[in-house]
Amino acid sequence: MDEFLPISALQHYAYCPRQFALIHVERAWVENRYTAEGRILHDRVDSGDAEQRKEVRFERSVMLRSVQYYLTGKLDLVEVYSNNCYIPVEYKRGKPKLQDWDRIQVCAQALCIEEMRSTQVSEGAIWYWEVRRRETVALTNDLRESTISAINACHWLIEGGETPRPAVPESRCKACSLRDLCRPERFRRDRSASYARNLFEL
Ligand code: SF4
């Protein structure tokens with residue numbers, strides 16, 4: 001591996017491996033309303049120095065790196081408690097999701113903190129701007145395994161240099177900023193055509 005993977009890329013992979021490859025293998029990027037709002041939110045959060053309040057130190061815009069997983073990134077906020085407990089906090093513009101897309105990102109941040117500060121992180125948090133709510137992320141073994149699988153898969157895709165075909169439900173494509181570039185309907189049409197051909201050839 002020669003390249004450190006940006007932690008934010010894991011969210012792209014978890015949402016759609018093809019989206020990940022378009023952005024991180026083919027280097028395509030199209031901003032839409034959602035990505036622009038997310039960027040503005042992070043810029044706002046980034047401005048601020050470390051602050052001590054009673055038992056907690058708030059460190060903002062913390063640079064992260066893991067040599068073990070070849071990861072790099074910037075964390076919006078880490079809360080450091082006097083008992084040496086660390087809680088990474090990620091800010092998101094949307095609302096909580098059933099899927100682990102956002103939780104995987106927080107778990108990867110925790111893996112970096114564990115390596116950099118020789119500690120164990122048992123939970124993280126996501127603050128959702130749209131609903132003004134903080135969600136706790138329990139760093140379970142299952143979440144850690146999913147995160148490490150996603151990290152490995154991302155490295156393989158980058159090394160292989162190939163973009164996979166669309167393999168996610170159509171509903172995800174509707175909110176995807178890369179839809180025009182990806183043209184998922186073209187592949188789905190091909191699949192329907194080959195299905196119909198096979199029917200008649202039997
Ligand atoms: S349009 Fe659909 S298949 Fe294509 S990158 Fe986006 S989510 Fe993935």
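Reader: Let us start with Y128: in which strand is Y128 found?

Author: Y128 is found in strand β6, which covers residues 123-128. Keep in mind as we go that this is a predicted model.

Reader: What makes Y128 count as buried, partly exposed or exposed?

Author: The count of C-beta neighbours decides. Y128 has 18 of them inside 10 Å. A residue is buried at 20 or more and exposed at 12 or fewer, so Y128 with its 18 counts as partly exposed.

Reader: Which residues is Y128 in contact with, leaving aside its neighbours within four places in sequence?

Author: Y128 is in contact with K92, G94, K95, P96, R133 and E135. There is also a C-alpha distance to look at: Y128 and R93 are 35 residues apart along the chain, yet their C-alpha atoms are separated by 5.8 Å.

Reader: How do you know that β6 and β7 pair?

Author: Pairing needs at least two bridges. Six bridges join β6 to β7 (residues 133-138), so the two strands pair, and they run antiparallel. As one example of who faces whom, G124 stands opposite V137 in β7. The hairpin of β6 and β7 has four residues between the strands, and R132 takes a positive phi near 50° there.

Reader: What makes β2 and β3 a pair as well?

Author: The same test applies, with at least two bridges required. Strand β2 (residues 51-53) is joined to strand β3 (residues 56-66) by three bridges, so these strands pair too, in antiparallel fashion. E51 has F58 in β3 as its bridge partner. Two residues lie between β2 and β3 in their hairpin, where K54 in the turn has a positive phi of about 45°.

Reader: How many bridges does β3 share with β4?

Author: β3 and β4 (residues 71-81) pair over 10 bridges, again in the antiparallel sense.

Reader: Where does Y70 lie, and what is said of its phi?

Author: Y70 lies in the loop between β3 and β4. These two strands form a hairpin with four residues between them. Phi of Y70 is near 60°, a positive value in a residue other than glycine.

Reader: Why is Y70 called partly exposed?

Author: Y70 has 17 C-beta neighbours inside 10 Å. That number falls between the limits of 12 and 20, which is why Y70 counts as partly exposed.

Reader: And R183: why is R183 called partly exposed?

Author: R183 has 13 other C-beta atoms within 10 Å. Exposed would require 12 or fewer, so R183 is partly exposed. R183 lies in the loop between α7 and α8 (184-201), and its phi is positive, about 50°, although R183 is not a glycine.

Reader: How do you know that the span of helix α4 agrees with its number of residues?

Author: At 1.5 Å a residue, the 17 residues of α4 (residues 101-117) should span 24 Å. The end C-alpha atoms of α4 are 25 Å apart, so the two values agree. Just after α4, S118 takes a positive phi of about 45°.

Reader: What makes α4 mostly covered?

Author: Of the 17 residues of α4, 12 are buried. Among them are I104, V106, A108 and L111.

Reader: What does the largest nonpolar core look like, and which element gives the most to it?

Author: The core has 40 residues, and those with the most contacts inside it are L10, F20, V78, A108, I151 and C154. At least two residues each come from α1 (8-15), α2, β4, β5 (86-92), α4 and α5 (141-160). α4 gives the most, with eight residues. Leaving aside neighbours within four places in sequence, I151 is in contact with L5, L10, Y69, L71 and A108.

Reader: Finally, which residues come nearest to the ligand?

Author: Of the 13 residues around the ligand, C16, P166, C173, C176 and C182 come nearest. The elements that give two or more residues to this shell are α2 (17-24), α6 (170-174) and α7 (179-182). The largest share, three residues, comes from α2. By kind, the shell divides into nine nonpolar, one polar and three charged residues.

Technical notes:
Residues numbered from 1 in each chain as written. Predicted model: local features only at pLDDT ≥ 70, side-chain atom pairs only at ≥ 80, totals over all residues. Expected span 1.5 Å × (residues − 1). Near = placed C-beta within 6 Å. Nonpolar A, V, L, I, M, F, W, Y, C, P; charged D, E, K, R; others polar. Contact = placed C-beta atoms within 7 Å. Core = buried A, V, L, I, M, F, W, Y, C linked by C-beta atoms within 7 Å.
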